[in-house]
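Colleague: Could you take me through how the helices in this model pack, and explain the terms as we go?

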Amino acid sequence: MGDIPPDHPLRSLFLLLVEKAFSEDLRWRDRYVSRYIADLMADFAHADRLYPLCDSMGKPIDQMTEMLAEGDVRLRAASFEREREVHKYIGDYTLFMTGIFPEHLKRLKITKMLLSPDYLVDYVKVGKRSYRIVSEFDYGKFKESTPLYRKLSENFEVCVIGLGSVRREIDRMKLRKIRRLAPSFGSFLN
């Protein structure tokens, strides 16, 4: 669950925001999906958690094409469990980025156009596919989570929209706090 403890108020806030967005805006009530996405937000709240995958030299992997190679047993993944672990991360990362920071992905595509093949990557398709791959690990300790990852794959776009609603609510909360702290600036913030 990352560096933020399970009972931390930030996790509670994220769960509240996710449940509200998914149940009210999207009319989708699924406590397992809501909990998973709220935990995902808390896990990625620390910037150093965005790129936990490392190459064989220990260097963090920050390019999607490299992540995909790392998660393929035919290329770099040393085991099927490693493949699952990497694809779970790719699904989480693409969901988080497309839902919470879509503007970052647009900038990333522009800046990488000449420098990296990542500009060709469709994050939604990659995220859906990665969660589908994770859901296919339907055995042993992974069996219980199979339905969750299948839902995330099949409803990836809905989850992105829900996270977009969460992002807008967080932005509104920040704006309300700014207005409360600096009432004389209120007219500039409208």
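Modeller: Happy to. Let's begin with α2 and α7, which are roughly perpendicular to each other. The model is predicted: local features need pLDDT of at least 70, side-chain atom pairs count only at pLDDT 80 or more, and totals for chains, interfaces and linings use all residues. Residues are numbered from 1 along each chain as its sequence is written, and side-chain values use heavy atoms, with hydrogens and water left out.

Colleague: Why are α2 and α7 called roughly perpendicular?

Modeller: α2 and α7 (residues 146-154) pack at about 80 degrees, their axes 10 Å apart. Axes are lines fitted to C-alpha atoms, for helices over the stretch in contact, and angles run from 0 to 180 degrees between N-to-C directions. Roughly perpendicular covers 65 to 115 degrees; under 35 is roughly parallel, over 145 roughly antiparallel, and the rest oblique. So α2 and α7 count as roughly perpendicular.

Colleague: Which residues make that contact?

Modeller: Tyr32, Val33, Tyr36 and Ile37 of α2 make it with Leu148, Tyr149, Lys151 and Leu152 of α7, where contact means heavy atoms within 4.5 Å. By class, 7 are nonpolar, none polar and 1 charged. Nonpolar means Ala, Val, Leu, Ile, Met, Phe, Trp, Tyr, Cys and Pro; charged means Asp, Glu, Lys and Arg; the others, Gly among them, are polar.

Colleague: What makes α2 oblique to α8?

Modeller: α2 (residues 31-43) packs against α8 at about 55 degrees, with the axes 12 Å apart. That angle makes the pair oblique. Val33, Ile37 and Met41 of α2 touch Cys159, Leu163, Val166 and Ile170 of α8. This contact has 7 nonpolar, no polar and no charged residues.

Colleague: And what makes α1 oblique to α8?

Modeller: Their axes come within 9 Å and cross at roughly 120 degrees, so α1 is oblique to α8. Among the residues that meet there are Phe14 and Leu17 in α1 and Leu163 and Ile170 in α8. The α1 contact with α8 has 11 nonpolar, 2 polar and 2 charged residues.

Colleague: Which element gives the largest share of the lining of the second largest pocket?

Modeller: α8 does, with 5 residues. The pocket's volume is about 250 Å³. Of its 13 lining residues, the closest to the centre are Phe14, Met41, Ile100, Phe101 and Ile170.

Colleague: How do the lining residues divide by class?

Modeller: There are 10 nonpolar, no polar and 3 charged residues in that lining.

Terms used. On a 1 Å grid over the protein atoms alone, a cavity is a set of points where a 1.4 Å probe fits but cannot get out, and a pocket is an open set with protein on both sides within 12 Å along at least five of seven lines; lining residues have an atom within 4 Å of a point. Grid points are joined across faces, edges and corners, and a volume is the space filled by probe spheres set on the points. Helices (H or I, at least four residues) and strands (E, at least two) are DSSP runs, numbered from the N terminus.
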